[in-house]
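Please keep the sequence and the structure at hand while reading.

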Amino acid sequence: MTGSMRLGFHAPETEEELAALVFEAAETRTPLEIMGKGTKRELGHPVGAGAVVSSETMSGVSLYEPTELVMVAKAGTPLAEIEAKLAENDQELPFEPVDLAPVLGYEPGDGTIGGVIATNISGSRRILKGAARDHVLGIRAVNGRGEVIKAGGRVMKNVTGYDVGRTLAGSWGTLAIMTEISLKVLPAQRETRTIVCFGLTDQTAVEALCIAMGTPYEVSGALHIHADLAARLSDEEIAGAENPVTAIRVENFPSSARYRANSLRQALLAYSPALELDGERSKTFWNDIRTLKMFQDKPNPLWRVSTAPTQAAKLVGNLSRKIDARVVYDWSGGLIWIETPPLTDAGAVDIRRQLAELGGHATLIRADDATRAGIDVFQPLEPQHAILSAKLKHAFDPLGIFNPGRMYRDM
């Protein structure tokens with residue numbers, strides 16, 4: 001490092017202050033660790049930075065037009081504050097963001113909306129409503145030169161520069177520091193019903209979930225949980241069943257949701273649907289899933305794996321012959337949460353070997369510092385994707401000062 005960039009922790013209160021700070025860091029070649037409140041700080045490789053920059057003091061809802069289904073919020077606004085304001089108008093973030101804070105040692109809702117978009121980690125409703133990045137209308141950010149950039153607008157029809165917002169979603173603070181985000185919101189669901197089956201094998205459960213997804217009933221949650229993880233859930237009947245749990249959710253107006261739930265029960269008779277959760281029990285169940293309650297009790301390594309639903313059960317079956325894996329299938333098998341024993345590599349070799357054969361990618365969500373430093377936390381890039389990622393990095397952050405090495409060691 002050269003020059004006189006101030007070390008330590010920085011929490012600029014305005015976009016202008018942030019831009020000046022980044023400009024100074026660029027001039028002095030000072031690497032910066034970028035974060036919101038830091039709830040996901042221990043995800044990714046440890047960052048060797050000369051200073052830490054947080055967006056948490058750039059907080060507040062800049063604009064909210066319920067009738068237009070648009071909210072504009074500063075990046076440091078707590079997720080809990082966003083959702084509370086939306087709830088006042090019976091609205092919600094349609095992509096149902098997974099709240100990683102509790103499994104990483106923080107309170108539910110502690111994360112920021114900037115962190116939600118930067119990680120692009122969407123919840124169970126993604127199968128129906130799309131990912132977090134699909135609901136970004138516009139964005140303001142500071143790039144690695146200390147320049148303010150803006151893209152998109154406040155309505156879906158304004159697509160000028162829209163891809164910039166989608167690019168920053170999922171970039172984990174390695175390309176730019178978001179300062180303000182414009183989001184598409186939707187009316188909250190009036191009624192939720194959940195069909196539950198007990199005792200299905202992984203393969204049979206994924207088959208049932210895929211059948212449900214193929215119906216016209218707009219399934220918004222398709223989940224299968226191993227028995228020992230289901231025992232950690234809040235619903236006493238489900239937790240006490242001592243069986244794997246397969247759950248299928250439908251949402252809509254009350255009469256429609258009940259009709260769809262009944263129709264799903266009929267479509268799944270061969271899989272012995274045993275229980276239907278009403279609105280309150282459904283809310284509790286899916287909130288447990290959203291906050292990953294089943295993984296909060298133990299600090300074991302936790303992986304997030306994406307693959308084709310048709311390969312999910314085979315992947316887990318092969319993996320379970322190598323290590324003691326506890327698993328939740330979401331997105332009808334397209335997303336797998338895997339808890340592994342505290343092995344030296346957190347099971348990375350065995351997991352990536354299965355992905356090389358069956359397809360998909362894996363991200364290590366939770367592990368100790370030594371483990372994260374010693375393995376690939378994010379899925380290694382194919383050569384052509386590595387070239388594209390390097391070009392994007394250079395375009396946004398030519399001096400490589402943002403979160404160096406967090407996702408990939410050479411970027």
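Which residues does Ala362 touch, not counting residues up to four places away in sequence?

The model discussed here is a predicted one, and the question concerns a residue that lies in strand S18. Setting aside residues up to four places away in sequence, Ala362 touches Trp303, Arg304 and Val305, then Ile351, Arg352 and Leu355, and also Val377, Phe378 and Gln379.

Ala362 has a relative accessibility of 0% and therefore counts as buried, the cut-off for that class being under 20% relative accessible area. Along the chain Ala362 is 24 residues apart from Ile338, and the C-alpha atoms of these two residues are separated by 9.8 Å.

## The largest pocket

The elements that give two or more residues to its lining are helix H5 (162-168), strand S15 (302-306), strand S18 (361-366) and helix H14 (383-396), and H14 gives the most, with five residues. Sorted by class, the lining of the largest pocket has 15 nonpolar, 13 polar and five charged residues.

Helix H5, one of these elements, is also the place of Thr167. Is Thr167 buried or partly exposed? Its relative accessible area is 28%, so Thr167 is partly exposed. Not counting residues up to four places away in sequence, Thr167 touches Leu175, Leu392 and Phe396. Thr167 and Gly347, which are 180 residues apart in sequence, are 30 Å apart in space from C-alpha to C-alpha.

## The second largest pocket

The second largest pocket has a volume of about 880 Å³, and of the 31 residues that line it, the closest to its centre are Glu92, Arg125, Ala188, Lys283 and Arg290. At least two residues of this lining are supplied by each of helix H2 (79-87), strand S6 (91-92), strand S11 (191-198), strand S13 (245-252) and helix H10 (279-290). The largest share, seven residues, comes from H10.

How do the residues of the lining of the second largest pocket divide into nonpolar, polar and charged? There are ten nonpolar and eight polar residues in this lining, together with 13 charged ones.

Rolling a probe the size of a water molecule over the atoms shows where empty space is left. In this model the count comes to three cavities of 30 Å³ or more, and about 310 Å³ of space lies in the largest cavity. Of the 24 residues that line the largest cavity, Ile34, Met35, Gly36, Gly115 and Ala118 are the closest to its centre. Strand S2 (32-35), helix H3 (113-119) and strand S9 (177-184) are the elements that give two or more residues to this lining, with the largest share, four residues, coming from H3. By class, the lining of the largest cavity divides into eight nonpolar, eleven polar and five charged residues.

Strand S2 is covered on both faces, with Leu32 and Ile34 buried on one side and Glu33 and Met35 buried on the other. S2 runs parallel to strand S3 (residues 51-54), to which it is joined by four bridges, and the bridge partner of Ile34 in S3 is Val53.

The second largest cavity holds about 60 Å³ of space. The residues that line the second largest cavity include Thr39, Lys40, Asp99, Leu100 and Val116, and by class its lining has five nonpolar, three polar and two charged residues.

In soluble globular proteins, nonpolar side chains tend to be buried together. The largest nonpolar core in this model has 57 residues, and those with the most contacts inside it are Leu100, Ile225, Phe285, Leu292, Phe295, Trp303 and Trp337. Helix H11 (residues 309-320) gives the most to this core, with five residues.

Leaving out residues up to four places away in sequence, Leu100 touches Lys40, Leu43, Ile121, Leu292, Trp337 and Ile365. A second, separate core of 28 residues includes Met71, Leu93, Ala132 and Ala176.

Methods. Residues are numbered from 1 along each chain as its sequence is written. This is a predicted model: local features need pLDDT of at least 70, side-chain atom pairs count only at pLDDT 80 or more; totals for chains, interfaces and linings use all residues. Side-chain values use heavy atoms; hydrogens and water are left out. Ala, Val, Leu, Ile, Met, Phe, Trp, Tyr, Cys and Pro count as nonpolar, Asp, Glu, Lys and Arg as charged, and the others, Gly among them, as polar. On a 1 Å grid over the protein atoms alone, a cavity is a set of points where a 1.4 Å probe fits but cannot get out, and a pocket is an open set with protein on both sides within 12 Å along at least five of seven lines; lining residues have an atom within 4 Å of a point. Grid points are joined across faces, edges and corners, and a volume is the space filled by probe spheres set on the points. Buried means under 20% relative accessible area, exposed over 50%, partly exposed in between (1.4 Å probe, protein chains only). Two strands pair if DSSP finds at least two bridges between them. A nonpolar core is a set of buried Ala, Val, Leu, Ile, Met, Phe, Trp, Tyr and Cys residues joined through side-chain atoms within 4.5 Å. Contact means heavy atoms within 4.5 Å.
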